[in-house]
Amino acid sequence: MDPNYGIARMPSSLYEENVWYEILSQANSAGISALDTAVAYRNAHRLIAGSSWRGEIHTKISHDSSAIRELTETRQQLNRDSLDLVYFHDSSSTQLGAEHLSLLSTQLLSNGAEAIGVSIYTPDQLEKVLNISTITHVQIPLNPLDQRFLGKSIDRALDAGKKIIARSIFLQGSLINSAVLDENIVSGELLAGVSKFNIQCEKLNLQPIDACLEYVSSVNGIDGVIFGAESISQLLDIQTRWNKVGTGVYTKVDFSSFANPNPEVIDPRTWRP
């Protein structure tokens with residue numbers, strides 16, 4: 001299970017651009033397998049194309065009539081003849097029906113996509129793509145609070161031959177830095193859940209970041225993990241911690257007590273005023 005590295009933030013200066021190039025160079029050296037990017041990430045494609053990155057590139061595009069154009073433009077921006085994995089970015093794509101997604105996936109595979117995936121938010125959305133053979137990857141949220149896909153959903157995806165990529169492993173950073181949560185926007189239930197998680201980690205003398213990594217590593221069937229870093233030190237820190245998971249270094253945690261099925265708590269799309 002290899003962690004994937006993603007670029008999302010727009011550099012505000014040439015200095016910051018050079019920092020990103022250094023981060024990407026270090027990612028190569030650290031054995032990071034892929035970059036997770038998207039058309040919506042603004043300047044990311046230019047930065048990747050100008051860097052020394054030679055690993056896989058995973059990106060996201062729309063599921064409408066502009067999909068082929070977006071894929072072509074993305075390949076040109078990245079100076080790639082093909083892209084290793086292309087996701088349908090909007091989870092509403094699962095409402096379009098198997099015939100539409102199968103046809104569009106086939107067209108993308110003929111225009112420079114090596115594999116097709118869907119970014120999923122709920123188990124119900126996952127069910128809608130299980131029988132589409134041209135969709136081989138599903139990207140799901142997975143963290144100590146969001147455990148909705150455990151068990152049946154993951155098992156069914158694996159039985160259908162899908163590769164599962166985990167994202168939101170730190171719940172938008174809230175599980176490792178509760179200061180990112182705006183108490184005027186998010187629910188009290190989310191604040192309470194994050195507080196409970198942090199208190200338990202403190203009792204176990206365990207850093208929350210290590211607990212999150214240990215959790216996602218403990219889930220059978222996960223083929224890849226997406227994480228973000230804004231500096232070389234962050235990248236190396238996460239990589240070092242990742243290499244320790246599953247080795248017995250970290251205290252074992254019963255994560256089941258943190259699970260919360262309420263979308264207003266675990267779905268960041270709802271964290272709006």
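This is a predicted model: local features need pLDDT of at least 70, side-chain atom pairs count only at pLDDT 80 or more; totals for chains, interfaces and linings use all residues.
How are helix 7 and helix 8 oriented to each other: roughly parallel or roughly perpendicular?

Okay, the overall picture. The chain has 10 helices and eight strands. Its radius of gyration is 19 Å, close to the 19 Å that the globule rule gives for 273 residues, so the chain is as compact as a globular protein of that length. Of the 273 residues, 49% count as buried. And here's one about how the chain folds back on itself: take the contacts between residues at least 6 apart in sequence, and 72% of those join residues at least 24 apart.

Now, back to the opening question. Helix 7 and helix 8 pack with their axes 9 Å apart, at an angle of about 100°. Anything from 65 to 115 degrees counts as roughly perpendicular, and therefore that is what we call helix 7 and helix 8. Who's actually touching? On the helix 7 side you've got Phe 197, Asn 198 and Cys 201, and they meet Pro 208, Ala 211 and Cys 212 of helix 8. By class, the residues of that contact are five nonpolar, one polar and no charged.

Helix 8 covers residues 208-218, helix 9 covers 232-244, and their axes come within 10 Å and cross at roughly 50°. That makes helix 8 oblique to helix 9. The crossing of these two is right-handed. Helix 8 brings Ile 209, Asp 210, Leu 213, Val 216 and Ser 217 to the contact, and helix 9 brings Asp 237, Ile 238, Arg 241 and Trp 242. The class count for helix 8 with helix 9 is five nonpolar, one polar and three charged residues.

While we're on helix 9, have a look at Leu 235, which is found in that helix. Is Leu 235 buried or exposed? It's buried, with a relative accessible area of 0%.

Next pair: helix 3, residues 67-78, and helix 4, residues 98-109. Their axes come within 10 Å and cross at roughly 25°. Under 35 degrees counts as roughly parallel, and therefore helix 3 and helix 4 get that label. Helix 3 passes helix 4 in a right-handed crossing. The residues that meet are Ala 67, Ile 68 and Leu 71 from helix 3, with Leu 104, Gln 107 and Leu 108 from helix 4. Here the contact divides into five nonpolar, one polar and no charged.

Helix 4 also holds Leu 109. At 35% relative accessibility, Leu 109 counts as partly exposed. Leaving out residues up to four places away in sequence, Leu 109 touches Glu 114, Ala 115, Ile 116 and Thr 134. And if you look for Ser 82, that's 27 residues from Leu 109 in sequence and 9.4 Å away in space, C-alpha to C-alpha.

Last stop, the loops. Most residues other than glycine have a negative phi. Which way does Asn 79 go, positive or negative? Asn 79 has a positive phi of about 55°, although it is not a glycine. You'll find Asn 79 in the loop between helix 3 and strand 4, residues 85-88. Asn 79 is exposed, with a relative accessible area of 62%.

Gln 172 has a positive phi of about 55° as well, and it's not a glycine either. Gln 172 sits in the loop between strand 7 and helix 7. With a relative accessible area of 53%, Gln 172 is exposed.

Ser 174 is in the loop between strand 7, residues 163-167, and helix 7, residues 188-203. Where does that leave its side: buried or exposed? Ser 174 counts as buried, at 0% relative accessibility. Setting aside residues up to four places away in sequence, Ser 174 touches Val 180, Leu 181, Val 194 and Trp 271.

Terms used
Residues are numbered from 1 along each chain as its sequence is written. Side-chain values use heavy atoms; hydrogens and water are left out. Axes are lines fitted to C-alpha atoms, for helices over the stretch in contact, and angles run from 0 to 180 degrees between N-to-C directions. Helices (H or I, at least four residues) and strands (E, at least two) are DSSP runs, numbered from the N terminus. Angles under 35 degrees count as roughly parallel, over 145 as roughly antiparallel, 65 to 115 as roughly perpendicular and the rest as oblique. A crossing is left-handed if the near helix is turned anticlockwise from the far one by less than a right angle, and right-handed if clockwise. Contact means heavy atoms within 4.5 Å. Ala, Val, Leu, Ile, Met, Phe, Trp, Tyr, Cys and Pro count as nonpolar, Asp, Glu, Lys and Arg as charged, and the others, Gly among them, as polar. The radius of gyration is taken over C-alpha atoms; the globule rule is 2.2 Å times the number of residues to the power 0.38. Buried means under 20% relative accessible area, exposed over 50%, partly exposed in between (1.4 Å probe, protein chains only).
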